[in-house]
Amino acid sequence: MTPRIALVTGGTGGIGTAIVKRLADLGHQVATNYRNEEKARAWQQQLKDQGYDITLVKGDVGSPEEAAALVREVESKLGPVDILVNNAGITRDTTFHKMTPVQWTEVINTNLNSVYNMTRPVIEGMRERKWGRVIQISSINGQKGQYGQANYAAAKAGMHGFTISLAQENARFGITVNTVSPGYIGTDMVMAVPEEVRNKIVAQIPTGRLGSPEEIAYAVAFFIPDEASWITGANLSANGGQYMGW
Ligand code: CAA
């Protein structure tokens, strides 16, 4: 595979770490952003011990200014970004009748506005170079909805609306834009769901288990090679069979 420069947002998280490693294993140069310096440096060292040299840049993807600055920093360190994986995301689960404006806004900002903030500074370069990959990490809950996640499901469904529009605008420029919709993966985010609730969810997964971050990283990598250039505007479900709709 041609080596490329990849920027994965939220790369220090559960799914993010697996994506970063997989892209590096495929020979790409990989960068990610962080907000918490101490946590990020410990993560970087841990990956270094495993043989990975990952570029870290500070910045909040929910801020247009910080997102633009972090893209500039990655480009000055590694070169133009060919692959953008919009992976950063948070939850603020609560039933809607109890949801505060902050719980709504934080999730929409970090999970959806970030997609604008990060993609906008890289898309023109991809169009000029006539090659690019933009991949959104959405969620099964953007496809089917979820009790307690009106904010999260709205943001995650919005990500795919973005994908299918951007895919149309950029298909002629060698850029593909796709979504991966993970189901319940064994990360800190899912383990934060109360055990009793989580057990009920796992019981609804036909494979009978949570997914692994590596299984999502595999789905992301699928969209990258030149052989995948006919695949754009797709939403790839990776959810153990829990939801088989669009
Ligand atoms: N459908 C119908 N009713 C439900 C329900 C469901 N799925 N879940 C809960 N209820 C009912 C309960 O049975 C309960 O009813 P009673 O009062 O009659 O007993 C009522 O709703 C209140 O439920 P809780 O006690 O759970 O309410 P709560 O306010 O304490 O918590 C909640 C609500 C925060 C939404 C909690 O249920 C929860 O955390 N749910 C899980 C949400 C979830 O799946 N989040 C995913 C996080 S991981 C992620 O987001 C990654 C990804 O992409 C998949």
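Start by selecting Glu37, which is partly exposed at a relative accessible area of 35% (buried means under 20%, exposed over 50%, partly exposed in between, with a 1.4 Å probe and protein chains only). This is a predicted model, so local features need pLDDT of at least 70 and side-chain atom pairs count only at pLDDT 80 or more, while totals for chains, interfaces and linings use all residues. Residues are numbered from 1 along each chain as its sequence is written, and side-chain values use heavy atoms, with hydrogens and water left out.

(Helices are DSSP runs of H or I with at least four residues, strands are runs of E with at least two, and both are numbered from the N terminus.)

Contact here means heavy atoms within 4.5 Å; axes are lines fitted to C-alpha atoms, for helices over the stretch in contact, with angles from 0 to 180 degrees between N-to-C directions. Next pick helix α3, residues 64-77: it lies across β1, β2 and β3, at about 150 degrees to β3.

Hide the helices and look at the sheet. In what order do the seven strands run? The order is β3-β2-β1-β4-β5-β6-β7, an open sheet with parallel pairing (two strands pair if DSSP finds at least two bridges between them). β3 (55-58) and β7 stand at the edges with a single partner strand each, so one side of each has no neighbour in the sheet. From one strand to the next, the twist averages 20 degrees. For a close-up, select β4 (83-86) and β5 (132-137), which pair in the parallel sense over four bridges. Leu84 has Val134 of β5 as its bridge partner.

Next stop: Arg4. The residue is buried, with a relative accessible area of 15%. Its side chain meets that of Asp226 in a salt bridge, 3.6 Å from N to O. Asp226 lies in the loop between α9 (213-222) and β7 (235-238) and Arg4 in the segment before β1 (5-8), so the pair ties together parts 222 residues apart in sequence. Asp226 itself is partly exposed, at 41%.

Then jump to Arg127, which lies over the face of Phe173 at 4.0 Å from the ring centre.

One more salt bridge to click on: Arg209 with Glu215, closest N and O atoms 2.8 Å apart. Arg209 is partly exposed at 41%, as is Glu215 at 36%. The salt-bridge count comes to seven.

Finish at Phe222 and Phe223. Ring centres are 5.4 Å apart and the planes are at 65 degrees, so the pair is edge-to-face (rings of Phe, Tyr and Trp, the latter by its six-membered ring, pair with centres within 6.5 Å; planes under 30 degrees apart count as stacked, over 60 as edge-to-face and the rest as tilted). Phe222 is partly exposed at 42%, whereas Phe223 is buried at 1%.

Note on methods. A charge sits over a ring if NZ of Lys or CZ of Arg is within 6 Å of the ring centre and within 35 degrees of the ring normal. A salt bridge is a side-chain nitrogen of Lys or Arg within 4 Å of a carboxyl oxygen of Asp or Glu.
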